[in-house]
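The following exercises concern one protein chain. Please study the sequence and the structure shown below before working through each solution.

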Amino acid sequence: MSKIKENVEGASAESPSKKLRRGITNETQAVSKLRFHEKDAAPNRLFVGHLHSVSVAWSVNPDGKQFTGEKCPRLVFEFASNTADASQMRYVTHSIFPIESNVDTIPGGKDDWKFNQAMRFIKHILDIYYLKGRQLTLEEEDALTLNFCDFDDDGNYVSVDVKDVLASYAELFNNVVAMMNGQFNLADGETAKCCYRDENGRFLPAWIKLLRHKKVKGEWRNVGQNGDLAFDPYVGTGCVELLIRGKEPSILNVDESKESITPKEVKKTPTLPGIADMAGGVMVGGPAITGAAPGGAYNEAGTDEMPF
């Protein structure tokens, strides 16, 4: 299933290895990353930014969560603003978690939407950056398919060991990362080319749709944790669209009758189902991104001369 190859530009067997020691380096982050703020939005209520990184992270789940005590992978899409000053850059992450294998999450089960929701978000990102209008090849489909089957020909649940479930999701997530970062089926001697950067290595500017709240049954509900700006995991008509200079987005829009980027009074259920925890396969926002942004990222980036 896995077809990942690595080729690091400039790497050499003669290159001196750097001794691992603790201290201050260029990677040391002195302050918390800034979040997007509604003041950063364009007049159309969308945000201008770019896909900054795609990676797989790991954590051990605490008691009371799915996969309790297991080392669990997550696929992390990190987006950032196009602010020229890196210290003023805003960030938002969207993480996809493995879905538990049980009688409710198999096809036709009451929770199979959790799996479908997670896969649709991944496919949306692949469509925008990697596929660009073409179909997946059979090899790519195989690499993006879980290598276990937890249901039989009659649609009955078949138990699968939890470690096999997590290993399969890890492989699928790593293949997504390989595709996005140009490492999937990379020929010997070729240099990996990230699909969310242009030929000059600059990040591709994009419109991104972030929301604080959505109206459900006449009441506002949080989209992200604590009402922070976040991607709608249900995708809908889309949440990312590549930016074409001088043109408004052709697909993305904010319907202010039922979508809001500004704080609203939230009653009853504070957050949309499956958004703020791992139950729905996604986690929006991210623990590394804290602090309020003072606004102005859209104006700082400009639309005539993007820094990327």
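**Aromatic rings and a pocket**

Phe77, Phe79, Phe121 and Phe231 are joined into a cluster by ring pairs. The model is predicted, so local features require pLDDT of at least 70 and side-chain atom pairs pLDDT 80 or more, while totals for chains, interfaces and linings use all residues. Residues are numbered from 1 along each chain as its sequence is written, and side-chain values use heavy atoms, with hydrogens and water left out.

**Exercise 1.** Describe the aromatic pair of Phe36 and Phe47.

*Solution.* Rings of Phe, Tyr and Trp (its six-membered ring) pair if their centres lie within 6.5 Å; planes under 30 degrees apart count as stacked, over 60 as edge-to-face and the rest as tilted. By this rule there are 8 aromatic pairs. For Phe36 and Phe47, the centres are 5.7 Å apart and the planes stand at 75 degrees, hence the pair is edge-to-face. Phe36 belongs to the loop between strand 1 (34-35) and strand 2 (47-60), whereas Phe47 belongs to strand 2, 11 residues apart. Both Phe36 and Phe47 are buried, a term that denotes under 20% relative accessible area, with exposed over 50% and partly exposed in between (1.4 Å probe, protein chains only).

**Exercise 2.** Classify the pair of Phe148 and Tyr169 and locate its residues.

*Solution.* The centres lie 6.5 Å apart with 55 degrees between the planes, and the pair is tilted. Phe148 is in the loop between helix 2 (138-143) and helix 3 and Tyr169 is in helix 3, so the pair ties together parts 21 residues apart in sequence. Phe148 has a relative accessible area of 16% and is therefore buried. Tyr169, at 2% relative accessibility, is buried.

**Exercise 3.** Which residues lie nearest the centre of the second largest pocket?

*Solution.* A pocket is an open set of points on a 1 Å grid over the protein atoms alone, where a 1.4 Å probe fits, with protein on both sides within 12 Å along at least five of seven lines; lining residues have an atom within 4 Å of a point. The lining comprises 19 residues, and Pro107, Phe115, Leu146, Asp150 and Phe151 lie nearest the centre. Helix 1 (112-131) and helix 3 (162-180) each give two or more residues to this lining.

Terms used: Helix = DSSP H or I, 4+ residues; strand = E, 2+ residues; numbered from the N terminus.
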